[in-house]
Amino acid sequence: MHLILDNGSSHTSKATRAWLKRHPRIVPHYTPKHASWLNQVEIFFSLLARAVLRHGDFSSRTDLLEKVSDFAIVHNKTACPFRWNYDGRPRQTGDEPVAAKEECHAR
């Protein structure tokens, strides 16, 4: 089993390294530091999880694969670059006003 991890301190701690040593079937692969393109991969899987997996009801493995494939096809047809706009302030939640999303992100 292969496990892809970023270089966050929790993934490289002594406790994590000891756990991985006790589980030799799990092979960790660490992403390069400052590999921002990987954030895009994380975003895709987050979208997939929220749209398909989190509350999904799958009658079979084939059904799951079809729903994941359908999501990927639609996403690939409608995908556009993310507009980064982080300004250092915490993300707004609840009743606070939230900036309008770009049209392509409304899924």
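Biologist: Leaving aside neighbours within four places in sequence, what is Ile 4 in contact with?

Modeller: In this predicted model, Ile 4 touches His 29 and Thr 31 once those neighbours are set aside.

Biologist: And which element does Ile 4 sit in?

Modeller: Ile 4 belongs to strand β1, which covers residues 2–5.

Biologist: Is Ile 4 buried or exposed?

Modeller: Exposed. The relative accessible area of Ile 4 is 67%, and over 50% is what counts as exposed.

Biologist: How many residues apart in sequence are Ile 4 and Tyr 30?

Modeller: They are 26 residues apart along the sequence, while their C-alpha atoms are 5.9 Å apart in space.

Biologist: OK, moving on a bit. Where is Asp 6?

Modeller: Asp 6 is in the loop between β1 and α1. With a relative accessibility of 33%, Asp 6 is partly exposed.

Biologist: Which residues is Asp 6 in contact with, leaving aside neighbours within four places in sequence?

Modeller: There are His 11, Tyr 30 and Thr 31. Thr 31 also turns up among the contacts of Ile 4.

Biologist: How far apart in space are Asp 6 and Lys 33, C-alpha to C-alpha?

Modeller: That separation is 7.6 Å, for two residues 27 apart in sequence. Lys 33 itself is in the loop between β2 (27–30) and α3. Its relative accessible area is 64%, so Lys 33 counts as exposed.

Biologist: What separates the C-alpha atoms of Lys 33 and Asn 7?

Modeller: 6.5 Å, and along the chain Lys 33 and Asn 7 are 26 residues apart.

Biologist: Let me zoom out. How many helices and strands does the chain have?

Modeller: Four helices and two strands. Starting at the N terminus, the order is β-α-α-β-α-α.

Biologist: Which element has the lowest mean pLDDT?

Modeller: That is helix α1, residues 9–12, at 74, whereas α4 has the highest at 95. For the whole protein chain, the mean pLDDT is 80, and 77% of the residues reach 70 or more.

Biologist: Where is the pLDDT below 50?

Modeller: Over residues 98–107. Beyond near neighbours in sequence, that stretch has 14 contacts in the model.

Biologist: Now the aromatics. How many aromatic pairs are there?

Modeller: Two aromatic pairs. One of them is Phe 44 with Phe 45: the ring centres are 5.5 Å apart and the planes stand at 75°, so this pair is edge-to-face.

Biologist: Why does 75° make it edge-to-face?

Modeller: Because planes over 60 degrees apart count as edge-to-face, and the planes of Phe 44 and Phe 45 are at 75°.

Biologist: What about Phe 44 and Phe 71?

Modeller: That pair is tilted, with 5.8 Å from centre to centre and 50° between the planes. Phe 44 lies in helix α3 (residues 37–53) and Phe 71 in helix α4 (residues 61–78), so the pair ties together parts 27 residues apart in sequence.

Biologist: Is Phe 71 buried or exposed?

Modeller: Buried, with a relative accessible area of 13%. Together, Phe 44, Phe 45 and Phe 71 form one aromatic cluster.

Biologist: Switching to charges: how many salt bridges does a search of the whole structure find?

Modeller: One. In it, the side chains of Lys 67 and Asp 63 meet at 3.3 Å, N to O.

Biologist: How many residues apart are Lys 67 and Asp 63 in helix α4?

Modeller: Four residues, so they are separated by about one helical turn. Lys 67 is partly exposed at 33% relative accessibility, whereas Asp 63 counts as buried at 14%.

Biologist: What share of the 107 residues is buried overall?

Modeller: 12% of the residues in the protein chain. The accessible surface comes to about 9300 Å², and 58% of that belongs to carbon and sulfur atoms.

Biologist: Last one: among contacts between residues at least 6 apart in sequence, what share joins residues at least 24 apart?

Modeller: In the protein chain, 53% of those contacts do.

Definitions and conventions:
Residues numbered from 1 in each chain as written. Heavy atoms only, no water. Phe/Tyr/Trp six-rings, centres within 6.5 Å; stacked < 30°, edge-to-face > 60°. Buried < 20%, exposed > 50% of the residue type's maximum accessible area, 1.4 Å probe, protein only. Salt bridge = Lys/Arg side-chain N within 4 Å of Asp/Glu carboxyl O. Contact = heavy atoms within 4.5 Å. Areas by Shrake-Rupley, 256 points an atom, 1.4 Å probe, with all protein chains shown as cover. pLDDT = per-residue confidence, 0-100.
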